[in-house]
Amino acid sequence: MQKYDVIVLGTGLKECVLSALLSQSGKKVLHIDKNPHYGGESASISPLEQLYKRFKVSGPGKSLGRGKEWNIDLIPKFFHANGELLKILVHTEVTRYLDFKVVEGSYVYKAGKVHKIPGTEEEIHSSDLMGMFDKRRFRKLLLFAQNFDVTNPRTYQDVDPNKTTTRHLFHRFDLGLDVQEFTGHAIALHSDESYLDQPCLETLSRIRLYSESLTRHNASPYLYPVYGLGELPQGFARLSAEYGGTFLTNRALDEILMDNGKVKAVKSEGKLFQCKQLICDPSYVPTRVRKTGRVIRLICLLNHPVKNTHEASSCQIIIPQAQLNRKSDVYISVVSYTHSVASDGLYIATVSTTAETNNPEKEIQPALELLEPIIQKFVTVSDLLAPNEDGKTSQIFVSRSYDAANHFVSECEDIKDMYQRITGAELCLGRPQRHQSYTSDDD
């Protein structure tokens, strides 16, 4: 029987990040994946014909170009240019295997129309999202967040970040409801209203992250990999392999063997592999997870940029929940041929949200209207799953399903939380051994 420190089931992004980090720290890691491709639930599909086949749709037509030019993310997400995922990429030097492009715009939906989120002084001045007095107040909040340092009480200005709620913070700066809405949902990226009555530290940190990421590239604070998100798990898998990680793909899982409530081994296609710890996505352990909700994602193929986005070849659009009388936000992510994920002149727009009714497609109808005309739609409604326990007793550590948001904030939180439970130590992202550039030359 072959012995490993850690066995990882699945090659989703979270599993591959953890595998790479553990391999780098000297652990002997084995990956087993039931799929023939990397990425698991969050894979990128190529060629285009494979996407049509997966969703049992006839096509594609000749107007969509060559199928091999397409790489379609099943769960598209952007990440902050100064965010946790980028720090993990730089820390592990996975940036060696990847190129990124800046997402061209960040937008918010208000009263039936798409508006640019103001980030620079010039954009604040010209923004139609707020009046003259609100522009001054919004600018003051941004400056406060940018200068705020949790380790330096002098920057608090009588705001206790652990006691003052975000609602009181907004009132302190006398922000109107419209400004509160796009600040909380499109800049701080909160998905519902519960953040308003939480301590403001988290919101201030998120506003500051948005601002810092925006200073790297004025167009927007977000990055996206050339050739799609499927490049990310492959990059981390390559790194894991460099440090001795072993990968067995397209291989069935027979059973997980336990001894006194603790994982002992994994049986795959009749072979036993012993391990001390097991990491997996929810699909491998259905009895160890619970349903926490549902998410709808609708992939749309377009031959035009989205209206009112200044002809952007890529963008993020957030529809705050109050705009549609909902409890959670609706997200739209747009990428295109400029990222080598579609044929020339063509676009991929994905709408996603947490489903709140038995007719989730109707819930996102206002978002689809922004994208018209649509060449083809592909719909998925899937369960959101979370582990029943923290894994410390069983030593089986299960990741959460990917949420409806089109950014990696909660995914990075899950990675850091799992890493701490697996190793007993916080994930410290120190300086990499050598600096890596992470954007392509034409940005």
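Predicted model: local features only at pLDDT ≥ 70, side-chain atom pairs only at ≥ 80, totals over all residues.
Within what distance do the axes of helix H3 and helix H9 come, and at roughly what angle do they cross?

## Helices H3 and H9

Two packed helices are described by the angle between their axes and the distance between the axes. Helix H3 spans residues 84-92 and helix H9 spans residues 231-242. Their axes come within 11 Å and cross at roughly 30 degrees. Angles under 35 degrees count as roughly parallel, and H3 is therefore roughly parallel to H9. The crossing in which H3 passes H9 is left-handed.

On the H3 side, the contact is formed by Leu85, Ile88, Leu89 and Thr92, which meet Leu232, Phe236 and Leu239 of H9. Six of the residues in this contact are nonpolar and one is polar, while none is charged.

## The nonpolar cores

The largest nonpolar core comprises 94 residues, and Leu89 and Leu232 are those with the most contacts inside it. Helix H1, residues 13-24, gives the most to this core, contributing seven residues. Both Leu89 and Leu232 also belong to the contact of H3 with H9.

When neighbours within four places in sequence are left aside, Leu89 is in contact with Phe79, Val94, Thr95, Leu98, Phe100, Leu232 and Phe236.

## Ser240, a residue of H9

Is Ser240 buried or exposed? This serine lies in helix H9. Ser240 has a relative accessible area of 0% and is therefore buried.

Apart from neighbours within four places in sequence, the residues in contact with Ser240 are Ser19, Ala20, Ser23, Gly245 and Phe247. Helix H1 covers residues 13-24, and Ser19, Ala20 and Ser23 carry numbers within that range.

## Gln157, a loop residue

Where does Gln157 lie? Gln157 is found in the loop between helix H5 (132-147) and helix H6 (166-172). With a relative accessible area of 46%, Gln157 is partly exposed, whereas Ser240 is buried.

Leaving aside neighbours within four places in sequence, Gln157 is in contact with Phe144 and Arg172. The numbering places Phe144 in H5 and Arg172 in H6. Gln157 and Thr338 are 181 residues apart in sequence, and their C-alpha atoms are 44 Å apart in space.

Technical notes
Residues numbered from 1 in each chain as written. Heavy atoms only, no water. Axes fitted to C-alpha atoms, helices over the stretch in contact; angles between N-to-C directions. Helix = DSSP H or I, 4+ residues; strand = E, 2+ residues; numbered from the N terminus. Parallel < 35°, antiparallel > 145°, perpendicular 65-115°, else oblique. Left-handed = near helix turned anticlockwise from the far one by under 90°. Contact = heavy atoms within 4.5 Å. Nonpolar A, V, L, I, M, F, W, Y, C, P; charged D, E, K, R; others polar. Core = buried A, V, L, I, M, F, W, Y, C linked by side-chain atoms within 4.5 Å. Buried < 20%, exposed > 50% of the residue type's maximum accessible area, 1.4 Å probe, protein only.
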